[in-house]
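Let's take a walk through this one, a stop at a time. Have the model open and follow along.

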Amino acid sequence: MTTLTIGLDGANWDLLGTWLSEGRLPNLQRLVDDGVGGVSESCLPPLTVPNWKCYATGKNPGKLDVFRFDRIDTDARDHVFHDATDFKSAELWDYLNDEGLTAGVLNKPSTYPPKDIDGFVVAGGPDASETTYRSLDAGFATPDDVEAFLREELDYEVHPSPMISPTETGDAEVEAVLDLIDLRFEAAERLLDREDPDFLHLTVFYSMALQHYFYDGEPVRRAWERIDDHLGDLLGEGHDVLVMSDHGTWEVETVFYLNVWLAEHGYLQTQAGVDSALRRLGVTKERALAVAKRLGVADTLGRVVPERVQRVVPWEEGVKRDRVLSVLDWDATTAVASNQGPLYLALPRDHPDYESTRDDLIRELEAALHPRTGERLVNAVYRGEEYYDGPYAEHAPDLLVDQGRNVHVSDAIGPDDPVADAGVWEGGNMPEGVFLFSGPSFRSEGLTRRASITDLAPTLLHAMGAGVPSDVDGEVLDVFAPGSAPAERAVRTRAPLSGSRDGEGGDDAAVEQRLADLGYLE
């Protein structure tokens, strides 16, 4: 019997509740009725990266040395993008391998470039990219024969085509995501039969892109009905199963433009550039793409216009991601933010004003209110090295902003006001996700629990008879059925494995563009 993890990016019970009560998700409802679970609390920031790795390692980012898709290096005045080679920890499948069990990992974000394990790894979106415009044709899976099987037998694709993005959310983009959901589950079923691993992890990722642009609208409902149909096919064998998410999704009711706020409060200053001039003239990516689509030349322009030229054209919201750094007056800037939480000081940590500046930012941000509703924009602001724990906590962002409820923190520079009622996304990231254990080894008590995302790997390891490494943050959850083998045996602790990885990383520019296309880098 294979133990399965079904990872559903951005899932939470509030989003799914209506569809469950209406009987639209009968297979998921069966798992709820037969299993035990509830809310899984993700690590901050509540993003795909770092949280898929927090799940897979059982550790907080302070033990991983990666805190987000990217980080801002204020000394070099540059963005640095991460891939799988940057994480400083072994994962649960490494421990299963070490104890003689095989594993398959399919489509989990932050697995590119894929590593060799006793089993297989198929890298997942959004990070597995060959170039800015093309999905990987090769090099997305190990071993080679698994990649050849997927490519030749299933015409496997890592990313949807056409790619859904802030400017492209039409029927073709939605259908491409739905088709990719089908392909993911078909690949899982075929690889289960072909490879017969002791453990299989499958992530459905791009349904989260639909939630970003439609929240709980009809395309999202269709995606979840599609997922539920496949759950019925995949889970009919009596497997032990974990259904989980990296974080949840809530409706965006407020956009907080943090860099605009920093500018208003004297922490950030910009200098005029071609980006702002183009925006004043009404030249934006959205408008340029709309014209190109009407003329039928969008794909051609994407191939022939140099990427450095494309980057200069601003979004309607303004300057975002790496262009933010390019328009800063660094001599007059004290702090700059990424979207959804991390905030970096341009002061060295030994500067005499470093700590007082952090104190001021914490006090002022925690007091920031919506000008119309009076609601808090920020739940809390943490010093990075205090929020995280571990040998790499000192590498964390200087401050970490915990977004207020139904608030999306954007890094865009350009809006006149720091607070708006709408932005690019209808659905934003929230810390509360889902977890649900079901199968012969687990209790049947429904959604009664709350856990940390770091608890899931230790619980899976114990369920499969493997030792739990002594350096994890999570603990083995008390979810096992009385009389089952995991309930009867004591938790076994073991020494950690090295987390070092060899090999070259991926293409930073390609990964950055893929993330930007989806709206993750605002």
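In helix H17 (residues 456–463), Leu456, Ala457, Pro458, Thr459, Leu460, Leu461, His462 and Ala463 are buried, meaning under 20% relative accessible area with a 1.4 Å probe and protein chains only, where exposed is over 50% and partly exposed lies in between. That's eight of eight residues, so H17 is largely enclosed by the rest of the structure. Just after H17, Gly465 takes a positive phi of about 85°. Helices here are DSSP runs of H or I with at least four residues, strands are E runs of at least two, and both are numbered from the N terminus.

A quick word on ground rules: this is a predicted model, with local features needing pLDDT of at least 70 and side-chain atom pairs counting only at pLDDT 80 or more, while totals for chains, interfaces and linings use all residues. Residues are numbered from 1 along each chain as its sequence is written, and side-chain values use heavy atoms, leaving out hydrogens and water.

Now for strand E9 (residues 241–244). Val241 and Val243 point one way, Leu242 and Met244 the other, and all are buried. In a regular strand, side chains alternate between the two faces of the sheet. E9 runs parallel to strand E1 (residues 3–8), joined by four bridges; pairing takes at least two DSSP bridges between strands. Ile6 stands opposite Val243. Strand E19 (residues 432–438) runs antiparallel to E9, also with four bridges, and there Ser438 sits opposite Val241.

Last stop: Glu253, in the loop between strands E10 (248–251) and E11 (254–257). At 44% relative accessibility, Glu253 counts as partly exposed.
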